[in-house]
Amino acid sequence: MVDIFFVPVENAEPSIFIGCVGYESRSIQALKSCPKAQAAPVKLIFDYQCGGKLAYADNIQYVSTLDARNTGDFSEFLNHLKSEIEQSDGSVELQLDVTSFDRKKISLIIESIFDRSSLVKSLTISYFPRVFEAPPDELEEVLEFGPISPRFVGEASLGRDSLSLVVGAGYEFGRVVGAIDVLEPEVTNCFYPIGTDPRFEHAIARNNLDFVFLDDPNLLLTYDLLDAESLYFSLRRLVEVEASQRNVLILPLGPKIFAAVSIVVALVCSPSVMVWRHSTVDTARPDSIADAIASGRKSELTFGFKT
């Protein structure tokens, strides 16, 4: 098991920046607003190749002005990252902007970094919340529901035949209730983000039916979206308690920083914790995508690996 320790974000000096360019305006926010990301000697950018969709054209034009390695082949992108880490002197510092990556790619990137943790001095994970836009209040077609990557299929125990679901609430209508109906967990704990805009909080509560499906109000756990380190400790503590009694499945809906922290917790607690994804976005369907503009706030955490 690989464990981590936290260090002050301001102490990190990333030599490799890892990000993406997509149809959301905020997908390149780190490159526009973070001096340390701009100064990183190596910039690895995954290109979602979104054509004329939303803000993509402006974003890719901006990226083209940078000294960055940009590729639309994710296997190639991941191999570049692995190679850069492996060729380092064992003290490489990384910054990963998870804002517009899909959850599957976030998982594969963080897994690759954990697999090379002995060569990594620090990893900073960054997330830029969006300006509020009212969400749709209708059910969306589920396109994928299952393990976020093969590593998180989970290791069932003969001594634990019940399921504990740990879910991050987003403002997508009905997703948490739908997951509970499918998975039928014995207990569900729900993490609810606060701290950036009260309108988000109201929309999340409304589109999750005010969480009336929870058996106990104490199972609704708030977290400050801008305090990712505290979120890590709260989530890890809960997972460790639940894993001693039940099989644990984390479903990281909502902000991508919750997904990233969930993946880190699951890797630290591996192999007993499952992580699944629940996707309704299809770039081939314009009605399933929307632009997201950065609000000017930022959520970050930086950690190193215990040897």
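The model is predicted, so local features need pLDDT of at least 70 and side-chain atom pairs count only at pLDDT 80 or more, while totals for chains, interfaces and linings use all residues. Residues are numbered from 1 along each chain as its sequence is written, and side-chain values use heavy atoms, with hydrogens and water left out.

**Domain layout**

- The domain assignment gives domain 1 (3–131 + 298–306) and domain 2 (144–279); such bounds come from an automatic or database domain assignment.
- The C-alpha centres of domain 1 and domain 2 are 24 Å apart.

**Interface**

- In domain 1, 27 residues are in contact with 29 residues of domain 2, contact meaning heavy atoms within 4.5 Å.
- About 2400 Å² is buried between domain 1 and domain 2, and carbon and sulfur atoms give 65% of this area; buried area is the accessible area (1.4 Å probe) that two parts lose on being put together, summed over both.
- Three salt bridges are counted between domain 1 and domain 2, each being a side-chain nitrogen of Lys or Arg within 4 Å of a carboxyl oxygen of Asp or Glu.
- Glu111 forms a salt bridge with Arg151, and the closest N and O atoms are 3.5 Å apart.
- On the side of domain 1 that touches domain 2, the elements giving two or more residues are β1 (4–6), α5 (103–115), β6 and β13 (299–305); helices (H or I, at least four residues) and strands (E, at least two) are DSSP runs, numbered from the N terminus.
- With nine residues, α5 gives the most to that side of domain 1.

**Nonpolar cores**

- The largest nonpolar core has 58 residues, and Ile109, Ile110, Ile113, Ile125 and Phe303 have the most contacts inside it; a nonpolar core is a set of buried Ala, Val, Leu, Ile, Met, Phe, Trp, Tyr and Cys residues joined through side-chain atoms within 4.5 Å.
- Helix α9 (residues 256–268) gives the most to this core, with 10 residues.
- This core lies between domain 1 and domain 2 because both give residues to it.
- A second, separate core has 23 residues, including Phe132, Val176, Ile204 and Leu251.
- Not counting residues up to four places away in sequence, Ile109 touches Ile18, Phe74, Phe77, Leu78, Leu81, Leu96 and Phe101.

**Single residues**

- Ser126 is in strand β6 (residues 120–127) and counts as buried because its relative accessibility is 0%; buried means under 20% relative accessible area, exposed over 50%, and partly exposed in between (1.4 Å probe, protein chains only).
- Leaving out residues up to four places away in sequence, Ser126 touches Gln95, Leu96, Asp97, Val98, Thr99, Ser299 and Glu300.
- Glu184, in the loop between α6 (175–183) and β9 (187–194), has a positive phi of about 50° although it is not a glycine, and Glu184 counts as exposed at 65% relative accessibility.
- Phe211, in the loop between α7 (198–207) and β10 (220–224), has a positive phi of about 60° although it is not a glycine, and Phe211 is buried at 7% relative accessible area.
- The peptide bond from Ser270 to Pro271 is cis, with omega near 10°, and Pro271 is in the loop between α9 and β12 (273–279).
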